[in-house]
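The following exercises ask the reader to examine a strand and its neighbours, and then a set of aromatic rings. Each task is followed by a worked solution.

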Amino acid sequence: MTSNRTLLALSLGLALVAPLALLARSADITSLPAAPTADQATTSRLVYGLLSDSRYAYRPRALDDAMSKDVLKRYLESLDPGKVFLTAQDVASFNRYATTLDDAIKGGQVEPGWAIFALYRQRVDQRIGHARKVLKGEFDFSGNERYEFDREDAPWAASDAEVDALWAKSVRNDWLRLKLAGKKPDEIRKTLDKRYANLLSSVNELKGEEVFQTFLNAYAGAIDPHTDYLTPRSAANFTMTISNSLEGIGAVLFKQDDVIVVRELVPGGPAALSGKLKSGDRIVGVGQGGSGEMKDVIGWRTDDAVDLIRGTANTQVRLDIVSAEAPMDSKPTRLVLTRAKVRLEDARAKAETITLPAADGQPARRIGVIKLPGFYQDFEARRRNDDSYASASKDVERMLGEFRAQKMDGVVLDLRGNGGGSLSEAVELTGLFIDKGPVVQVRESGGRVTVDSDRKAGVAWDGPLAVLVNRGSASASEIVAGAIQDYGRGLIIGETSFGKGTVQNMVDLDRWPANEEPRFGQVKLTIAQFFRPGGSSTQNKGVVPDVSFPTSVDASEYGESTYENALPWTRIAAVPHVQYGNFVPLLGQLDARHDARIARDVEFQWWVEDVRTFREEQAKKSISLNEAERRAERDSFDAKRKQRIEARKKLGIALDPLLEGRSDDGLQADERNVAESVAREEAAKKVTDPLLRESAAILGDAIGLLGKDAKLAAQVLPEARTQGHWVD
């Protein structure tokens with residue numbers, strides 16, 4: 001097997017990439033095999049051997065009775081996360097497996113997974129049958145009932161009657177949601193009946209390999225949140241996804257409360273380039289081309305929705321979207337996207353300039369901005385010695401040279417949403433700002449620590465620097481931001497980053513000749529952990545900014561700290577490195593100026609308001625079933641949206657297509673959407689990003705303060721380290 005060390009550069013690129021469909025689907029309905037296959041029994045033993053071996057797994061855990069209980073708990077939660085199918089009595093009947101699943105997995109006797117699933121599927125049939133009966137009745141929404149939709153921490157229902165009552169409220173909530181969206185009763189009844197029938201079919205169509213994968217992942221997930229087992233079919237789908245060979249809109253999706261949600265946009269993909277979709281937006285309907293049937297996808301499995309959205313390049317897909325900050329009762333916006341292959345050149349770094357007006361006795365300043373969506377490198381072209389190979393560090397170095405020629409006052413490196421990439425690119429890019437030295441320490445599964453350093457003399461940019469991060473900045477982004485912070489080379493601005501300080505590698509369980517089909521699948525397991533030059537891990541805690549912005553809309557559901565069994569933060573010995581500066585004495589004044597400025601910044605305050613509203617909504621565990629109350633909430637959001645549009649017009653602020661993407665009735669006509677798409681995309685380019693603008697202003701403040709206060713400059717930037725243009 002290839003050593004862990006040689007795989008680090010490649011595996012870092014997989015750090016935050018999740019397969020768009022972990023479960024491969026078959027279009028035909030098949031009955032579940034009565035028992036696992038011989039290959040699945042062998043696979044179970046192989047996975048146990050790999051995950052329990054400290055030569056491979058960074059944090060091997062003993063598969064004992066205690067973990068057996070955890071595996072059972074995770075398996076039940078993966079089958080019934082909302083606790084709306086199984087009862088407490090059903091769960092109690094599975095206690096006979098609580099301390100035996102460890103032995104079952106070790107010995108390849110995974111029949112308990114089948115037995116549990118069989119009862120689960122029986123309960124799904126019962127509950128869906130009840131829900132479809134409820135649909136035939138009449139509904140009154142004038143009372144004060146509430147629907148408890150968040151049941152993650154709720155106990156299992158005590159009886160079938162209690163589960164049926166939950167489903168009755170769920171049906172009423174679904175009905176009310178469609179009614180508020182303008183649907184008529186007959187249409188609502190037809191839509192929901194089809195939705196529930198699809199849910200039942202999706203469970204009945206599950207094949208043995210999917211049940212096996214779900215069961216084995218209950219064990220893999222007990223090791224750490226980034227360890228997964230993939231069947232041969234799922235592994236092939238994963239490989240296609242990470243190689244960018246799939247065609248579609250370029251979005252990573254997940255399911256939350258029966259709704260398909262955008263987790264992140266793939267840089268260079270149609271969704272990201274359109275400017276019309278963002279993380280946290282909910283996809284509630286999908287249609288093909290300009291006139292295909294719009295299919296309601298609420299309640300769909302993620303992989304089914306992905307199959308519907310994904311398609312051949314140069315074809316269109318229509319999406320009904322409820323924005324992240326809007327109530328689910330809001331009328332959706334219809335977006336039209338043209339599918340395409342994600343091209344490397346579309347995901348490359350981009351440069352722009354922000355001009356800060358003269359203020360507070362300071363001259364106007366020009367700040368160069370580099371937006372870096374990922375740490376990319378064309379490994380194949382580099383192996384061919386092609387000097388034009390795509391490289392994040394090469395592109396950024398060229399842009400920094402242009403900024404020097406243009407005599408920019410400072411540079412903001414925008415790493416928001418950058419989920420990682422090549423480790424070597426992260427090291428080389430950091431070296432553009434420091435003159436040799438360690439960038440990241442890597443501790444492998446056996447405990448050996450190695451250091452990756454910038455060994456190239458000189459820098460590409462020695463002037464003022466800020467790095468902008470958010471919750472989506474992970475892995476390689478955190479390596480760069482952490483090193484810049486440890487060196488005191490620049491200011492870190494934004495949100496605490498993701499906290500992804502581990503490396504995963506794909507291990508192939510098969511040893512078959514090239515002409516044979518794979519039989520056992522693959523395991524993605526954690527093999528190493530990253531540490532900053534100062535010895536602190538980026539794991540779990542992330543990189544904490546020097547100047548903070550409010551936590552963004554996806555932070556409550558996104559980040560390493562949300563995983564209950566994530567590796568903890570820890571520290572190792574620091575390695576010697578230069579200390580260019582110490583910004584602590586400057587931060588009080590920067591925070592004060594930042595607070596005063598954003599208080600006058602209408603767009604920044606809108607963003608803060610949206611963040612606050614979203615977090616309040618996320619904290620709710622129930623929703624009213626009173627129509628008047630729900631309608632008032634929906635109307636309040638629509639009124640706020642219209643007020644912002646008018647305010648933008650009065651203030652001369654470019655109109656945001658994410659706000660303007662609705663017609664008066666809430667749904668764009670398809671032909672109108674297509675006709676206006678180009679104009680709206682151009683408008684998106686003119687919309688100022690209040691967070692990026694404020695980051696440039698904070699950097700401008702630092703330049704001004706250090707330039708006029710020699711005593712402060714001596715504290716922040718010791719005389720021996722005062723280089724470039726930090727101090728004029």
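In β13, the bridge partner of I370 is L413. The model under study is predicted.

**Exercise 1.** Determine which strands pair with β13, and in which sense.

*Solution.* Begin with strand β12 (residues 365-371), which pairs with β13 in the parallel sense over five bridges. Next, take strand β16 (residues 465-469): four bridges join β16 to β13, and the two run parallel. Finally, consider L413, whose bridge partner in β16 is V467.

**Exercise 2.** Classify the pair formed by the rings of F85 and Y120, and locate both residues.

*Solution.* The whole structure holds 11 aromatic pairs. The ring centres of F85 and Y120 are 5.8 Å apart and the planes stand at 90°; planes over 60 degrees apart count as edge-to-face, so this pair is edge-to-face. F85 lies in the loop between α3 (65-79) and α4 (88-93), and Y120 in helix α6 (residues 111-134), so the pair ties together parts that are 35 residues apart in sequence. Both residues, F85 and Y120, are buried. F85 and Y120 belong to one aromatic cluster with F117, W167 and Y196.

Terms used:
Residues numbered from 1 in each chain as written. Predicted model: local features only at pLDDT ≥ 70, side-chain atom pairs only at ≥ 80, totals over all residues. Heavy atoms only, no water. Pairing = 2+ DSSP bridges. Phe/Tyr/Trp six-rings, centres within 6.5 Å; stacked < 30°, edge-to-face > 60°. Buried < 20%, exposed > 50% of the residue type's maximum accessible area, 1.4 Å probe, protein only.
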